[in-house]
Amino acid sequence: MSRGFLLLFLACACVSGAQTLSFTRREIAALEGERIAGCALSGRQLATWGDRVRWWNLPDGSSARSGPRGPFAEGGVIMDVNGDGQPDLVVNESAAPRALVWLEAPQWTKHVIDTGVDAADVIPARLFGRRGILVVHRRAQVRFYEIPPNSAERWPVTEIYSFYTPSDQGGLALADIDGDGRPDILCGNYWIRSPESFELPWRLFAIELWNEQPRSAMLRLALIGPGELVAMQREMPDGRLARFEKPFDPKQLWMEHRIADVLTLDEARSLDVADLDGDGRPDLIVGEKGGAARLMVFLNRGAGRFEARVIANHVEAEHIRAMDLDRRGRLDILTVGKGSISWWKNRAR
């Protein structure tokens with residue numbers, strides 16, 4: 001059997017096997033041309049931002065509240081900034097002066113954190129007891145913004161690390177990589193080791209060397225276990241999806257295990273990790289923007305093996321979140337994209 005025929009056979013087997021994992025789709029809300037750049041969950045409410053900020057009740061899709069109009073860029077996060085017990089929203093305006101702002105609940109009063117910011121990745125962070133956010137600025141610089149005593153004032157910024165690499169860097173996560181009890185930062189191709197105190201410099205170590213093209217290191221990152229990282233190239237034709245094992249010495253390159261060798265990704269946009277089949281192992285959920293715009297899951301079969309299943313074509317899921325929408329004890333899939341917010345109900349038994 002020729003290699004080309006074998007690859008075609010295996011790819012078709014992956015697609016046909018999708019019928020064994022049962023999901024049914026229900027549209028929660030039609031977006032009617034509204035652009036959504038980013039989203040986040042707070043309990044059973046979904047916050048979206050792009051043309052404007054909106055909060056959606058789940059699963060009925062009613063719009064609970066509307067916030068200010070944008071335009072807003074992708075990066076953002078829900079967090080209680082001022083400690084009043086209410087979820088506030090940090091977002092990045094995409095029009096000049098490109099302000100990074102936080103919107104204070106419940107009236108969504110806007111407070112400027114900084115201006116001239118271009119952040120596709122934003123996560124909450126606590127570094128050395130200091131509470132704030134980490135951002136990847138202009139796909140080349142990791143910054144920490146600390147919440148000041150008066151959170152309505154400008155936030156002090158600390159430059160954690162600037163990249164000088166052939167590729168833009170994207171993707172952001174926190175984990176104690178070297179086991180010293182301090183959170184390190186994962187970003188793009190690298191992990192950045194925490195110093196012993198806040199004032200000291202951070203050190204950079206490569207996880208892998210995906211840097212062939214300008215966007216090769218624009219990734220989605222997910223930790224799936226101790227010393228196990230999943231990385232997915234976003235918006236890349238024939239994009240990589242791989243699992244990395246941390247070596248004994250994490251300062252060395254990590255061991256790469258390609259997940260999507262047969263079922264290559266076409267401009268994958270979104271990634272989430274959840275145990276969809278209840279076997280106790282984290283599965284992967286992936287949404288594409290290009291080609292057939294597939295919604296896919298990669299079922300974790302243990303021992304580093306993943307089985308690809310196509311749930312549906314022509315979904316164009318810009319954003320994916322796993323959650324139990326109907327409270328039946330099974331994780332469903334929430335997708336945002338292609339003009340709608342949709343609920344993919346998990347029918348697995």
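Let's start with the aromatic rings: the count comes to seven aromatic pairs (rings of Phe, Tyr and Trp, its six-membered ring, with centres within 6.5 Å; planes under 30 degrees apart count as stacked, over 60 as edge-to-face, the rest as tilted). Keep in mind that this is a predicted model, where local features need pLDDT of at least 70, side-chain atom pairs need 80 or more, and totals for chains, interfaces and linings use all residues. Residues are numbered from 1 along each chain as its sequence is written, and side-chain values use heavy atoms, with hydrogens and water left out.

Select Phe128 and Phe198. Their rings make an edge-to-face pair, 6.3 Å centre to centre with 80° between the planes. Phe128 sits in the loop between strands S10 (119–127) and S11 (130–137), and Phe198 in the loop between S16 (190–193) and S17 (203–206), so the pair ties together parts 70 residues apart in sequence (strands are DSSP runs of E, at least two residues, numbered from the N terminus).

Then show Arg130, which lies over the face of Phe198, 4.0 Å from the ring centre (for a charge over a ring, NZ of Lys or CZ of Arg is within 6 Å of the centre and within 35 degrees of the ring normal).

Next stop, Trp55: the charged end of Arg65 sits over its ring, 4.8 Å from the centre.

Key
Helix = DSSP H or I, 4+ residues; strand = E, 2+ residues; numbered from the N terminus.
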